[in-house]
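Colleague: Could you take a close look at a single part of this model for me?

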Number of protein chains: 2
Amino acid sequence: MSEGFEFQVSSRDGKTSARLGSLRTPHGRIDTPAFMPVGTQGTVKGLLPEQVRDAGFGLILGNTYHLALRPGADTIARHGGLHGFMGWDGGILTDSGGFQVYSLAKLRKITNEGVAFRSHIDGSLHEFTPESVIVIQEALGSDIAMVLDVCPPSRASRDELERAVEVTTDWAERSIAVRSRADQAVFGIVQGGLDRTLRAEHAVKIGSLPFEGMAIGGLSVGEPPHEMYPVAQSTAALLPEDKPRYLMGVGMPVDLVRCVMAGIDLFDCVFPTRAARNGLLLTSAGRLVIKHARFREDLKPPDPHCQCPTCSRYSRAYLRHLFAGGEILSSVLCTIHNLHFYAGLMARIRDAASRATLETLAREVEAAYPPKGDEGPSGDG
Amino acid sequence: MSEGFEFQVSSRDGKTSARLGSLRTPHGRIDTPAFMPVGTQGTVKGLLPEQVRDAGFGLILGNTYHLALRPGADTIARHGGLHGFMGWDGGILTDSGGFQVYSLAKLRKITNEGVAFRSHIDGSLHEFTPESVIVIQEALGSDIAMVLDVCPPSRASRDELERAVEVTTDWAERSIAVRSRADQAVFGIVQGGLDRTLRAEHAVKIGSLPFEGMAIGGLSVGEPPHEMYPVAQSTAALLPEDKPRYLMGVGMPVDLVRCVMAGIDLFDCVFPTRAARNGLLLTSAGRLVIKHARFREDLKPPDPHCQCPTCSRYSRAYLRHLFAGGEILSSVLCTIHNLHFYAGLMARIRDAASRATLETLAREVEAAYPPKGDEGPSGDG
């Protein structure tokens, strides 16, 4: 167990697999289940750190792939780590870069040793190994580091999935051997696509290793939600009870409720922040596409039931005007709102879990947010 | 005199024409000489209103041309005016749109009646008359409205300049006849290019009309600063002593000092905000172009002598990283810094005026900011 890291399950829902708990890192404590806003390049796009905090978040995600390529882990280490570099005093989880190598980089080549790839920025050649991504994340100084994994599409062939599981297990063990920071937790990652048997075997294997938390990777990469939820459920059930469970890259509104019901404690997703920059506001009544002409003269706030700084002060007409004018403030105000919406949704989920009313909440959220399928690769670019 | 509007000169420099004073509008009081950040489309680009206030500003400029085209004055009036629309509780001066029609719009045609033009957004036909721009600005509810003027290049022919002065005078009188808001000041505008005789005649004429303030237009539109300062000086000297003098669209760092010495009280310029978005930081040691490779590993704040939120927390390396990554936060943090720099410069100017040391300050600022000539048209687009 790493110093300053503690996870406690305080209660269970009873009806579902939902758990309520608390996660402490060297940079503060958060209630779980929790959502982590994505801060890909050392910034949650458009917001100052205090605006992320004010929206209700104490743990964010940083992308190792992006940060390692630019500005480089050494530069960040010279700032005392990612916290100092970006001026964020809350918790940070960094991913391992594995998923980004598969989704963003070019010419990748996976061997037992690691993965070679070309940067999506300038085409330069790089290699990630299980050891190097731990070294990089130790330099970044995140509170939680992720192991490098092999992340095939969820519908890959059985052979490909088996091979991914095998290599990911080997890499997990190599990650443990090389980790050296006492103040950083490391999470293992379960792969296996939509294959329930492979997932089960891998969950048991990864769950047996001395990680501070366990992640489920390789979901929400093309398959419909109704195929994803049961896999999350059955996989989570085989993970250690006393360790946090993180479902990587999953986080549409409905997913959050359904996957908390499946026993998940942590989420991240680019959706609320990316949607904001595209003028898509998430409200209690569903999606609001701010560019629509019908909002030209609409004096109402984006969400009349929301108390966020954006809804407290601005009209739909003003936000539409900013979006139409290509104003930076459009992204800022919409991101503030969407993150407040996500923090509020997580609070409602925790409340519903404490009352055993998650199914009711899930149906309510499904009505406002009918599933639309995949929203693209992880990393808020 | 409009309600809630008051201007007082509290002291004079003695050595130069500089004045120290105070300007009160229905939305608060500011010290003069003062700089107004430009909020073209109902937002000082990238900043929340409280960030503009925190940078040290109590009076901003809005562009009537842009706001009249999009979203339209009626929409803004339905929000209780521009203050309510954009959530800014400080003072607002709106320009008349004259300069933007000449610099941005297409196919403009000036008659005695007004000016017809095509929108730079969608090519639609519009007409501004002296009366209509007052009606528009009354709908916007700005604290200070500007009259419509004819604004030829400063080096236009004598005939063209004479004609511009003649029409601008006629329009000034028509503006006074139509104004109806008791809580809005209206400023007249002196034209005449670089022709000292025309400027003098027009200053006397406009100065004799019952405006709450007087502006000097048509400068800093191509001529070098050393030709502009004497015209500002001689024109200001002929304007009423007891009314504020606003030098429109002028505001490079050196200009601010030199033109305060010429007797100017108010300035606006897109330079600090536009420069910020281009990664140009204004520091006590001069311009700092953040994209330069030499800042890659530079842990120092942009300006080690600055106390602004950006310099208090972020390194040059972080800002360079944000700029290189195309991050929104780059514009936000650089704009916060540049506006703090401008507020600080105005405070130093007022301090130097009170000690009669403006010439020393001017040379210091000239050394850090060698004049580079024109920075493009007004309107922070």
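Modeller: Start with a term: two residues touch if their C-beta atoms, placed from the backbone, lie within 7 Å. The model is predicted, with local features needing pLDDT of at least 70, side-chain atom pairs 80 or more, and totals for chains, interfaces and linings using all residues. Residues are numbered from 1 along each chain as its sequence is written, and chains are lettered from A and ligands numbered from 1 as written.

Our part is A156(A). A156(A) touches L161(A) and G193(A), leaving out residues up to four places away in sequence. Take G193(A): in sequence, A156(A) and G193(A) are 37 residues apart, yet their C-alpha atoms are 7.2 Å apart in space.

Where does A156(A) lie? A156(A) sits in the loop between β10 (144-146) and α7 (158-178) of chain A. Helices (H or I, at least four residues) and strands (E, at least two) are DSSP runs, numbered from the N terminus. A156(A) counts as partly exposed because it has 19 C-beta neighbours inside 10 Å; 20 or more would be buried, 12 or fewer exposed.

Now follow β10 of chain A into its sheet. This open sheet has 8 strands, in the order β4-β14-β13-β12-β11-β10-β6-β5 (chain A). The pairing is parallel; strands pair if DSSP finds at least two bridges between them. At the edges are β4 (34-36) and β5 (59-62) of chain A, each pairing on one side only. Beside β10 in that order comes β11. Strand β11 (residues 185-190) of chain A runs parallel to β12 (residues 213-216) of chain A, joined by 4 bridges. F187(A) stands opposite G213(A) in β12(A).
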